[in-house]
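Sequence and structure are shown first.

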Amino acid sequence: MVGAGAVFDFDVLVVGAGAAGIAATGALGAAGLGVVCLEASDRIGGRVHTDTAIFGVPFDMGAHWLHNEQSNALKAPGLAMGLDLYPAPAEGVIHGLDDSAVLWDEVDELEAAGRQAARADAETEAKTGIPTDRSLADVLVEKGPWSFTAAMMFGLSIGRDLPDTSLRDVITWEGGHDWFCREGFGHLVARMAEGLPIRLATPVTDIVALPDGVRVKTQAGEIRVRAVIVTVSVGVLAAEMIRFDPPLESDRRKALDLVTMGDYNHAALLFRPGAIPVELDTWLTYQLQAGPKGIAQGGGFLCNISGTGLTSFETSGSFSRALQEAGPEAAIDHGLETLAGMFGANVQRDFIKGHATAWRKEPFVRGSYAGALPGGHSQRKVLGRAHAERVHFAGEASHVGQQCSVSGAHLEGLRAARDVIDQLG
Ligand SMILES: Cc1cc2nc3c(=O)[nH]c(=O)nc-3n(C[C@H](O)[C@H](O)[C@H](O)COP(=O)(O)OP(=O)(O)OC[C@H]3O[C@@H](n4cnc5c(N)ncnc54)[C@H](O)[C@@H]3O)c2cc1C
């Protein structure tokens with residue numbers, strides 16, 4: 001599309017080859033535009049990456065669940081590729097509770113109370129004009145010993161502590177049934193990137209908007225394009241790892257203060273067959289204790305993932321952050337001790353090896369995914385707006401409804417690509 005004699009190297013440059021960047025690059029190329037995608041790290045996928053080297057079986061280091069299969073944008077492409085996609089078990093296992101309805105009833109009540117409170121906050125805001133948005137902790141009712149665990153059924157997937165979580169943001173999240181990909185979710189997304197013009201190990205350092213285009217600086221030199229799509233995490237943006245000229249406007253900086261990276265990590269534990277006596281792909285819950293300031297001191301387990309022998313200890317919020325700071329053994333030991341407390345010492349005997357992720361320490365990501373603080377419920381749209389006309393933004397943080405997910409990131413990548421196609425005509 002870039003004509004002979006044009007001063008541009010490409011029509012469009014996409015920053016980042018995660019789910020959003022891959023979707024945008026594919027869509028722009030399919031529309032006939034000249035596109036290049038620059039990725040800072042030495043691999044594609046960003047926060048959705050399947051490793052097979054550590055355990056010899058697929059291990060999703062980031063995203064693993066295809067959330068809400070009905071509206072998940074990656075399900076149909078995965079099936080079309082012939083990958084083995086299948087539904088997650090409908091029921092989890094609750095250790096230490098004879099009647100699981102005790103917990104599920106509390107979860108349902110909490111969800112209903114949360115929706116009611118979010119509606120009330122929206123009405124108050126509409127009447128008074130004063131931003132009104134409570135936290136998830138504000139709607140937690142202490143009914144009994146399982147109330148906190150019920151609340152953490154939401155808290156765990158959000159990647160932050162209940163008091164730091166905007167109720168109105170969480171309530172927009174599309175529910176629904178999850179699916180898995182046996183080959184790994186990262187494998188699925190990597191297949192979508194095959195053949196795309198992606199340059200690895202090329203961090204973008206500066207983005208300078210010009211009257212008729214954009215100049216992008218990297219350590220390997222400068223590239224001139226007609227438009228840019230930035231898909232880096234809000235953690236990378238907030239840390240100012242990319243300089244913008246003109247600087248990011250104050251609205252977006254405020255949004256970056258209110259929609260921030262949370263913490264969610266896996267400590268994957270490989271066991272000999274039969275060590276964890278639950279069905280494969282089962283979510284295993286146990287009674288969680290609230291530590292100081294209502295912070296959970298534990299997580300949950302995804303057991304025998306796709307029959308590989310891998311069980312993942314999943315943690316979120318401050319607890320996950322503390323384990324990362326304590327080093328990889330801390331999460332592995334905590335997970336093993338918790339399982340041994342449930343199923344006995346055989347768990348330790350049948351343990352082969354473990355690996356803990358530390359997404360906050362990944363320099364080009366800096367956390368798990370973007371959650372809104374109380375008061376930040378309306379800020380995701382600000383993050384998806386274009387800057388200086390030709391600098392577009394996309395990623396999981398700017399989707400409303402599928403925020404924090406691969407599908408949301410993919411859909412945002414497609415949306416930004418459409419915006420650019422419309423703009424360039
Ligand atoms: C532990 C964990 C578990 C998760 N579980 C799930 C799940 O089960 N299901 C689900 O749907 N989602 C899950 N998520 C969230 C999901 O992984 C993300 O929402 C999604 O992958 C984000 O995609 P993205 O394209 O917006 O951002 P990213 O994946 O962060 O992609 C941005 C890319 O930009 C690159 N980059 C950064 N700086 C620069 C620069 N200066 N120059 C060039 N490139 C740069 C990065 O290296 C990265 O590759 C999980 C995430 C984590 C961390």
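## A strand pair and its sheet

In this predicted model, Phe 301 stands opposite Phe 313, a residue of β17. The strands concerned, β16 (residues 300–303) and β17 (residues 310–316), run antiparallel and are joined by 3 bridges. Strands of a sheet pair through backbone hydrogen bonds, in either a parallel or an antiparallel manner.

Both β16 and β17 belong to an open sheet of 6 strands, in the order β6-β15-β16-β17-β14-β18. The pairing within this sheet is mixed. Its edges are formed by β6 (93–94) and β18 (351–356), each of which pairs on one side only. Helix α9 (residues 317–326) lies across β14 and β17.

## Domain arrangement

Two domains divide the chain, and each is built from separate segments of the sequence. Domain 1 comprises 10–45 + 193–260 + 369–424, and domain 2 comprises 93–176 + 263–361. Their C-alpha centres lie 30 Å apart.

Contact between the domains involves 12 residues of domain 1 and 16 residues of domain 2. On the side of domain 1 that touches domain 2, the residues divide into 5 nonpolar and 7 polar, with no charged residue.

## The ligand shell

Why does the ligand lie between the two domains? Domain 1 and domain 2 both give residues to the shell around the ligand, so the ligand lies between them. There are 43 residues around the ligand, of which Gly 16, Gly 18, Gly 46, Ala 63 and Gly 395 come nearest.

At least two residues of the shell are supplied by each of α1 (19–30), β14 (264–271) and α13 (406–424). Strand β14 is also a member of the open sheet described above.

Val 36 is placed in strand β2 (residues 35–38). Is Val 36 buried or exposed? There are 21 other C-beta atoms within 10 Å of Val 36, and because 20 or more are required, this residue counts as buried.

Apart from neighbours within four places in sequence, Val 36 is in contact with Phe 10, Leu 13, Pro 197 and Arg 199. Val 36 and Ala 120, which are 84 residues apart in sequence, are separated by 46 Å in space, C-alpha to C-alpha.

## Backbone geometry in the loops

A cis peptide bond, with omega of about 0 degrees, joins Asp 245 and Pro 246. Pro 246 is found in the loop between β12 (243–245) and α8 (250–258).

Asn 304 is not a glycine, yet has a positive phi of about 45 degrees. This residue lies in the loop between β16 and β17, the strands that hold the Phe 301 and Phe 313 pair. Asn 304 is buried, since 22 other C-beta atoms lie within 10 Å.

Ala 388 likewise is a residue other than glycine with a positive phi, here near 45 degrees. The loop between α12 (380–383) and β20 (391–393) contains Ala 388. With 17 C-beta neighbours inside 10 Å, Ala 388 counts as partly exposed, whereas Asn 304 is buried.

Notes: Residues numbered from 1 in each chain as written. Predicted model: local features only at pLDDT ≥ 70, side-chain atom pairs only at ≥ 80, totals over all residues. Near = placed C-beta within 6 Å. Helix = DSSP H or I, 4+ residues; strand = E, 2+ residues; numbered from the N terminus. Domains from an automatic or database assignment. Contact = placed C-beta atoms within 7 Å. Nonpolar A, V, L, I, M, F, W, Y, C, P; charged D, E, K, R; others polar. Buried ≥ 20, exposed ≤ 12 C-beta atoms within 10 Å, placed from the backbone. Pairing = 2+ DSSP bridges. Axes fitted to C-alpha atoms, helices over the stretch in contact; angles between N-to-C directions.
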